[in-house]
Amino acid sequence: MNARRREPAGQRRSRGHSSPPRGSASTRSTAPVPFDVDQLIDDPGTRIIVCCGSGGVGKTTTAAALGLRAAERGRSVVVLTIDPARRLAQALGLDELDNIPRPVAGSDGAGRLDAMMLDMKRTFDEVVEGHANPVKAQQILENPFYVALSSSFAGTQEYMAMEKLGQLHAQTEAEASWDLIIVDTPPSRSALDFLDAPEHLASLLDGRFVRMLLAPARGPARLLSVGLGVVTSALNKVLGAQVLTDMQTFIAACDTLFGGFRQRAEATYALLQASGTAFVVVATPEPDALREATYFVERLGSEHMPLAGLVVNRVQAEAVPAVSASAAERAAQQLVDQTGEEHEAAAGLLLIQAERARQRQRQDRLRKGFAGAHPEVPTVGVVALAGDVHDLDGLRQVGDLLAAG
Amino acid sequence: MSDWPRVRLHVVTGKGGTGKTTVAAALALGLARGGRQVLLCEVEGRQGIARLFDVEPLPYEERLLAVAPGGGEVRALAIDAEAALLEYLDMYYRLGRAGRALDRFGVIDFATTIAPGVRDVLLSGKVFEAYRRRARDGHPVYDHVVLDAPPTGRIPRFLNVNAEVAGIAKVGPIRKQADSIMQVLQSRGTAVHLVTLLEDMPVQETADAIGELTAAELPVGGVVVNQARSTPLTATTRKAVAAGTMNADELVPALEQAGLDRLDTSTSTVAQQLLSGATDHVHRLDLEERLMDEVDGLERPVYRLPQLGEGIDLAALYELADALCEQGMA
């Protein structure tokens, strides 16, 4: 077990330097450690919170609710969302897509809340413009490969989310504009994509193939190996010569960019490992979402990235703790058998309880499975709300539920 | 009788978390009834099918997954872009050695990452190949192909392979391949089904996806409402709960009658808790009904699958397949 996955609650600030949690024998038998969300957001040492998890678990809502709560408790917060639901975006004033943070109207209290929605293509364009001279930048921006790469979802969104995080972080360092950045992560195929995408892209762009394609443009033909001949002729055959030419032009044009890619990916990694960063893994009490959460927790551990806790959204509220599913079902049946329609209302209510209790039991079992593997991960459950959250009051309510545990 | 008699390629999409893999699997089981051969494919490397059926991770190989009444069979295939490219190179260009060289130089990884359209062409190209494959007697090897597709957010781009590669390859074999895939995808032999829950965001995304698919001239199939809630309440009770006119005290005699007066919690507290649980339930029903109206307003055939309290196992999948058959989806 990697002890760096979590430090005991209450010592969270000593992140990275603390000794491994002791007394694992006692933690094994008890319920999971509660996740103290207020402690996390109130701690001035917390500078970046990354919300991650599989698609459809409520990451954006969790990120926005944490942001609003932190701001209303006095922090200066910027929330970077990736793909918010339309009405939530409106509530946050994100109608304009200009790729810079805007103040959110309607947040109360001492702090400040800004929000922005990631514009992937624009962020990428800015990277290009910032690292190449105007002529070269223009060449790159117009190349069909660049257009495909910068507007697709496969990895670019993840990479640009991390790029934007780096920019916001640099801005906070320079201007002291915010003291807390909360990032939502892209709706990836798997929760781990955003950790891998920057490195993947970096390794591609300064990999062997790119160097090989660049070789002829750079100089003597002696660099041409037999291997390259086979490869280029194969590519010509399959893609057509024009495609290869475009690819070569693209790569040659952004040659200057490439050295920077790996460096930037490494800087992002370092930022994610820094002591002011906290990961919040978001899940629902469903097998797939919890499985992804488990992978994520393990991955964060092996990457020495600081995990603050697990948020389990959409937990079935426990309406009547004293009456189990089977007891409720039996009682309903008994009423129908003994009194016919006289108590049909009560019988109906009992059947609702039976169904809710059964759902809850199933969810508890799934959550226990997670806790069994990772008893050290602080966890908070958020009960399912009747409707979607699409205004600040709704976000406040989610914030209260997060804090109440 | 199926609502989709001409359709042989069923593409199943939906917002993340709506259960599209479950629905795709149930649909495949339903279509396999009566001795049909069905291929169930996934393209995102998630191994969702293997998990659902609780089997070993699927290789790039068509494996028997389940059987259906009447001798039908469902085979499964996890399509991997790199393996598909190597296979494609070998099949069409006999590029055995060069293909492997491409891989060794990282070209395949490079090409499929830097040009995601190419990746999508390879993935859907394999689906297309299975769809068109014929046995010696000239009959299709598979009566139906079901694709557990990327989620709604990515589906128009994923299926619109033509537009995707058009910017990169104006002529040449990849372009030709994209064109023939597009022809099948836009034909009446294909239907793109959308899975939704009765929640705001999934319904909104379903409506958006229908608009985008229609604009791309891709044939929109049915809408599958997954995990639809049912209620044990009579109309009168439901109305009283919704209006807040039901008094918890009225329930006490019934609870006593049912023997629930000997708990640690007082009967009146239990009554109040039951009522508050029921109030929540009724709110959700109202919300679901409003969203169901929105789904009906999409003017697509709608199929409803019940919420299954115990989670999804093989028995549950057969049960959902039954429901889809009864409603005419399979």
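Me: How far apart are the axes of helix H16 (residues 344-373) of chain A and H13(B)?
Reply: Helix H16 of chain A and H13(B) pack at an angle of about 75°. Helices (DSSP runs of H or I, at least four residues) and strands (DSSP runs of E, at least two) are numbered from the N terminus. Axes are lines fitted to C-alpha atoms, for helices over the stretch in contact, with angles running from 0 to 180 degrees between N-to-C directions. The axes of H16(A) and H13(B) are separated by 9 Å.

Me: What pLDDT do local features need here?
Reply: Residues are numbered from 1 along each chain as its sequence is written, while chains are lettered from A and ligands numbered from 1 in the order of writing. This is a predicted model, in which totals for chains, interfaces and linings use all residues, side-chain atom pairs count only at pLDDT 80 or more, and local features need a pLDDT of at least 70.

Me: How are H16(A) and H13(B) oriented to each other?
Reply: Angles under 35 degrees count as roughly parallel, over 145 as roughly antiparallel, 65 to 115 as roughly perpendicular and the rest as oblique. The packing angle of H16(A) and H13(B) is about 75°. The two helices are therefore roughly perpendicular.

Me: Which element gives the largest share of the side of chain B that touches chain A?
Reply: The contact between the chains takes 69 residues from chain B and 63 from chain A. Elements of chain B that give two or more residues to its side include H3 (81-93), H6 (116-132), H10 (200-215) and H13 (267-296). That side has 33 nonpolar, 23 polar and 13 charged residues. Its largest share, twelve residues, comes from H13(B).

Me: What handedness has the crossing of H5(A) and H6(A)?
Reply: The axes of H5(A) (residues 120-131) and H6(A) (residues 134-142) come within 8 Å and cross at roughly 150°, and the helices are therefore roughly antiparallel. Asp125(A), Val128(A) and Glu129(A) of H5(A) meet Ala137(A), Ile140(A) and Leu141(A) of H6(A), which gives four nonpolar, no polar and two charged residues. A crossing is left-handed if the near helix is turned anticlockwise from the far one by less than a right angle, and right-handed if clockwise. The crossing of H5(A) and H6(A) is right-handed.

Me: Is Arg314(A) buried or exposed?
Reply: Arg314(A) lies in strand S7 (residues 307-315) of chain A and has a positive phi of about 60° although it is not a glycine. A residue is buried if 20 or more other C-beta atoms, placed from the backbone, lie within 10 Å of its own, exposed if 12 or fewer, and partly exposed in between. Because 20 C-beta neighbours lie inside 10 Å, Arg314(A) counts as buried.

Me: Is Glu299(B) buried or exposed?
Reply: Glu299(B) lies in the loop between H13 and strand S8 (302-306) of chain B. Its phi is near 55°, a positive value in a residue other than glycine. Because Glu299(B) has 10 C-beta neighbours inside 10 Å, it counts as exposed.

Me: How far does H3(B) reach from its first C-alpha to its last?
Reply: H3(B) has 13 residues, among them the buried Ala81(B), Leu85(B) and Tyr88(B).

Me: How far apart in space are Val252(B) and Gln272(B), C-alpha to C-alpha?
Reply: Val252(B), in helix H12 of chain B, is partly exposed because 18 other C-beta atoms lie within 10 Å. Leaving aside neighbours within four places in sequence, Val252(B) is in contact with Thr267(B), Ser268(B) and Ala271(B). Val252(B) and Gln272(B) are 20 residues apart in sequence, and their C-alpha distance is 9.5 Å.

Notes. Contact = placed C-beta atoms within 7 Å. Nonpolar A, V, L, I, M, F, W, Y, C, P; charged D, E, K, R; others polar. Expected span 1.5 Å × (residues − 1).
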